[in-house]
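Here are my notes, with the structure to hand as you read. I have grouped them by region.

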Amino acid sequence: MPIRVPRRKSALIWSAIAIALVPLAAWADGPRGAEWTSKDAVIYLEASHPKVLLDRVLDPKFQTYLASIPPYARYLKSDVYKEQKAGVTFVSALLETTWEEGIRSLAGGGIVFAVEAEKGKAPWGFIALTPSDPAFLTKAHAKLLELARGDAKTKGQPDPVKESEHQGIKLYSMSKDATHAIVNDTLIVSQSAEAVKTVIDRARGGKIASIATNADWKARHDRVSADTVAWGLVRLDRLREIDPKKFTIPEMVNPGQTFLFAPWIEAARKAPWVAASLNWSDAHLVANVTLPTPANGYSQSIKTYLPPKGMSASAPLRPKGVIASLSLWRDLSAIWEVRNDLFSPQFVQGLAQLDTFAGQFFGGRDFGSGILGAISSNWRIVVATQDYSKMNPVPDLKLPGFALVIDLKPDDDDFAQRLKVAFQSFVGLANLGAAQAKAPSLELISEDVNGITIASTRFMVSKAAPGAKVSVHQRHNFTPSVAQVDNHFILSSSLGLIKDLIPAVREVAKPTDSTLLIEAEGAAIAGILDVNRQRLITQNMMEKGNDKAAAGGEIDLLLGLLRYAGHGTLTAKDGDKAVDFRLDFALGAK
Amino acid sequence: MNTSPLLDDPTRAWAPFAPGAKSPWNLARVAHLHRRAGFAAPWSILQRDLKDGPVASVDRLLKGEATSGDGQTADEFDTLLDSMNAGVGSDATPTRLQGLWIYRMILTARPLRERMTLFWHNHFATSLTKVENPVLMQRQNDLLREHALGNFQTMLAVIGKDPAMLVWLDSTANRKAKPNENYAREVMELFTLGRGRYTEKDIQEAARAFTGAFVVRDRYSELPAQHDDGSKTIFGKTGRFKPDDLPGLLVSQPACAEFLCGKLYRQFVSEVDAPSPALIAPLAKVFRDSGYDISAPLRTILRSNLFFDDAVRRRRVKSPVDIAVGTIRALEIVKPTVSAEALAESCGRMGQTLYAPPSVAGWDGGTAWINTTAMLNRTNLALALLGTDNAQIGGRCDAKALAAKHGVESRKFYTDLLVQDAFDSKILGLVKEPAEVATLVLTTPEYQLA
């Protein structure tokens, strides 16, 4: 079958080169490159198994989702894409292969991307593509050079490829920002000829303490498994040394971040490196990030955030209709005691007001010891769908319910009662404010479920004129409620959720090895969005200017992506040597 | 500035326009018709109407196009937008209300109806800032649209029972013992007769007729026990008048048709040249003779010699909504169109926040639309529409492709599409890049005029 040569040949050839070489930084199996990277390199990224990544990316299901993402869909329809595709197809045909097989042959051995830097000097880096078929690399390279030169010749332009030689290896420069060479059957691409020469020198026996001699690198490298598609190591100590202003985390960050993430911020501030990996199998997409803990340990105030040996967050609660569930180990009472060391004086002053204010609701108890001290270190938050069909009235905008579950220490008998009274006081205050603002008030109600008394509230419903179509405010999603179940105290935005939580909190909480666990159900999130579909479509039309069909398409895509993402889990584990974060998506099959 | 001699010749002024050698049916006239009666039109509509002539063009505006901007039929689009309006809840933001209306203005197949809905929104000016109830405001907007080209007496009757209007005018409780004069005063002064065409006694007696009218649970209701059932004398007529009798009494006043036709004249003909009573009188007669059918004087105006006279072109300053919606319609930014909510906010920055006119008298209009800040915001809107920086508004118009699609050189295309005879495309000089050409035209003083 004759090959049809596209008219805009030069553009196509360059597109083919660009597509075939540069973006391949995404793929990499036992790749070469580490041995030519200095042990002091600031960034080392490795696509260990490009074939696996390619299989995942080209999976029809994934492609369908990808093609539905508006910017990517626009790219697929663009002239640029068509031109690039034609170029790649053209070049692939010349090489008697397909573009997919071509990529597998060119980069199937893996890809390494490294950046080295020294203070006061411009950083430099290189990409090393290890082919699975070195002969194909040589052939493809020669063909691309031939095409580029032939194209220039037909246009009467000078040779676009400048050749030079170093240690008997040819270097090719196609622009002032890109030079490449084939070194030991590996394609090296860098931004300058000097950089490529440095790599050649190292490959030709130049003395170098390579990153492969680094124990941290080796530890990470040894963890690469068959489904690890990429991993990397970034030297934070080197970055801080090279540009302290840009890469040093200040001692005081904002109070919210300190309150939530203090030990992890501390680790990031002092860690010499951070490592990450991405594993992708049929059923799971898993990202891991590891930060070493400070060499000299955490400061005393930060240690209050860390669970003592044998302690950890309990397993997240999973009541009926759960959308997301969080479980956190935090000794707030201990943190309260060291607040002066953690927060700015202004913020500590604000906390003093909280102390006074909270005392009024809790019989004059001290906020730190009397209130926070009465609560154990297990904090659990749950978000769940509600049974909207049972609501009266049914709100136009349907929102999920939220609940906070705390465990009360056994030696403080009347604290649960204090919490209930505080809840009633808050309701009273809210009603006072509502009366002043002519807003609907909350009615206090009580309900017994399986021997548990739930103190609940509901918004008063305005009487509508007979036959009138009335809009129902989103406030009717909320029926704020509290209940005590054994030593657990539940504060919920919804009576329904608190009923569903009663059996769940009665089950003995399973211990974990993490400080933080967050779970989210993609299908459940999609479900709550789906019940508000009409409103979301209106919102999309108003905010993006789409027509109804296009808006509906975008909502369907979002729902599809959420269902594809399946069950997501984020964990943070505070170990002696390192903090490990893990984000795991059990990919949905629906 | 030339003044039309037709202003002094009512018979010729309102006689139907017949194109001739001296006053041909040309692009300037077609575009003028769409600017005033709609919100500007895209190139293909201008070319079609140029071919079809004034009668067919005006009739089509009165009747509406068959297809809306999103490709649905006119009725399908209206049904969709009506259902979206019905979905407005008490928690809807002002921006959502404004966005829904702007979206309809951009894509509607019935631009004259939306133009008139906006006209009545300014006439029966009611603001969300005081009403504080988006559902009531949306219902009022639906009412204005329903009656925009219908019968004025009917519209007046429904507005008199509109909860948003009554909340706005503090008339939610009209008790027999203490008649509330607010609505009675505004309905005479601002809605029907104009100042000096009624007496204080008329207001007091009309307020008595309006007793018993309440807004209860966001609905209009009449409480017979609170109605003053005694005899009242309004405009010299005596009877035991009730709320429903007021519209009839008001439109029976000759001043009513004259007052309203004066406002229609300012909207559609000129806000610079004050009309003489003699000029308005024939128009008012048409209105009265039709039984207060709003489309009757409108048809007369839009078909008239005066409307198409060169001297009345650009005798109005475009309002921010005219600028925003008209530009988008002309530039065919419809699939997708811009973020209607972002555009509504842009209109607010230019001085026109829909659903929030500054007072019971509506927006001042005219030169009040133009000041340094407003001009800067008009320029920013033009730059945003033709640029790519603003994700909510920009990146949707390819100025080069649009001119190429219609096969016209860009300088000529954007001059003819947007300002026609206001200036010669040659003055655009060396500017060649279509987006720059379009931006330049959109920011000219001429483009700010309707």
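Into which domains is chain B divided? I take that up in point 1, and please keep in mind throughout that this is a predicted model.

1. Domains of chain B. Chain B splits into domain 1, made of 151-290 + 308-314, and domain 2, which covers 320-448. Their C-alpha centres are 37 Å apart. Where the two meet, domain 1 of chain B contributes four residues and domain 2 of chain B contributes six residues. On the domain 1 side of that contact, one residue is nonpolar, three are charged and no polar residue takes part.

2. Chain A as a whole. The C-alpha trace of chain A spans about 85 × 65 × 40 Å along its principal axes. Its secondary structure amounts to 22 helices and 20 strands, and 36% of its 590 residues count as buried. The domain division gives domain 1 (9-213), domain 2 (307-312 + 520-590) and domain 3 (317-461 + 472-511). Between the C-alpha centres of domain 1 of chain A and domain 2 of chain A there are 34 Å.

3. The contact between the chains. Chain B brings 21 residues to this contact and chain A brings 22 residues. On the chain B side, α5 (74-86), α6 (94-107) and α19 (340-349) each supply at least two residues. Which of the elements of chain B gives the most to that side? The answer is α6(B), with four residues. By class, the side of chain B that touches chain A holds eight nonpolar, six polar and seven charged residues.

4. Strand β7 of chain A. This strand, residues 186-190, is mostly covered, with five of its five residues buried. One side carries A:Thr186, A:Ile188 and A:Ser190, the other A:Leu187 and A:Val189, and all of these are buried. Strand β3 (residues 124-130) of chain A runs antiparallel to β7(A) and is joined to it by four bridges; here A:Ile127 stands opposite A:Val189. Strand β6 (residues 178-183) of chain A also pairs with β7(A) in the antiparallel sense, over five bridges, and A:Ala181 has A:Ile188 as its bridge partner. The hairpin of β6(A) and β7(A) has two residues between the strands, and A:Asn184 takes a positive phi near 50° there.

5. Strand β17 of chain A. Why is β17(A) described as largely enclosed by the rest of the structure? Because four of the five residues in this strand (residues 488-492) are buried. Strand β13 (residues 401-408) of chain A pairs with β17(A) in the antiparallel sense over five bridges, while β16 (residues 481-485) of chain A is also antiparallel to β17(A) and joined to it by five bridges. In the hairpin of β16(A) and β17(A), with two residues between the strands, A:Asp486 has a positive phi near 55°.

6. A helix pair in chain A. The axes of α21 (residues 533-544) and α22 (residues 548-565) of chain A come within 9 Å and cross at roughly 120°, and the crossing is right-handed. From α21(A), A:Arg533, A:Leu536, A:Ile537, A:Asn540 and A:Met541 meet A:Lys548, A:Ala551, A:Gly552, A:Glu554 and A:Ile555 of α22(A). The residues of this contact divide into five nonpolar, two polar and three charged.

7. Cis peptide bonds. The bond from A:Asn392 to A:Pro393 is cis, with omega near 0°, and A:Pro393 sits in the loop between β12 (375-384) and β13 of chain A. In chain B, the bond from B:Lys335 to B:Pro336 is cis as well, with omega near 0°; B:Pro336 belongs to the loop between α18 (320-330) and α19 of chain B.

8. Positive phi in loops. A:Gln167 has phi near 50°, a positive value in a residue other than glycine, and lies in the loop between β4 (162-166) and β5 (169-175) of chain A. Is A:Gln167 buried or exposed? It counts as exposed, because it has 12 C-beta neighbours inside 10 Å. B:Asp218, in the loop between β1 (213-216) and β2 (219-222) of chain B, has a positive phi near 65°. B:Asp218 has 20 C-beta neighbours inside 10 Å, so it counts as buried.

Note on methods: Residues are numbered from 1 along each chain as its sequence is written. Chains are lettered from A and ligands numbered from 1 in the order in which they are written. This is a predicted model: local features need pLDDT of at least 70, side-chain atom pairs count only at pLDDT 80 or more; totals for chains, interfaces and linings use all residues. Two strands pair if DSSP finds at least two bridges between them. Domain bounds come from an automatic or database domain assignment. Two residues are in contact if their C-beta atoms, placed from the backbone, lie within 7 Å. Ala, Val, Leu, Ile, Met, Phe, Trp, Tyr, Cys and Pro count as nonpolar, Asp, Glu, Lys and Arg as charged, and the others, Gly among them, as polar. Axes are lines fitted to C-alpha atoms, for helices over the stretch in contact, and angles run from 0 to 180 degrees between N-to-C directions. A crossing is left-handed if the near helix is turned anticlockwise from the far one by less than a right angle, and right-handed if clockwise.
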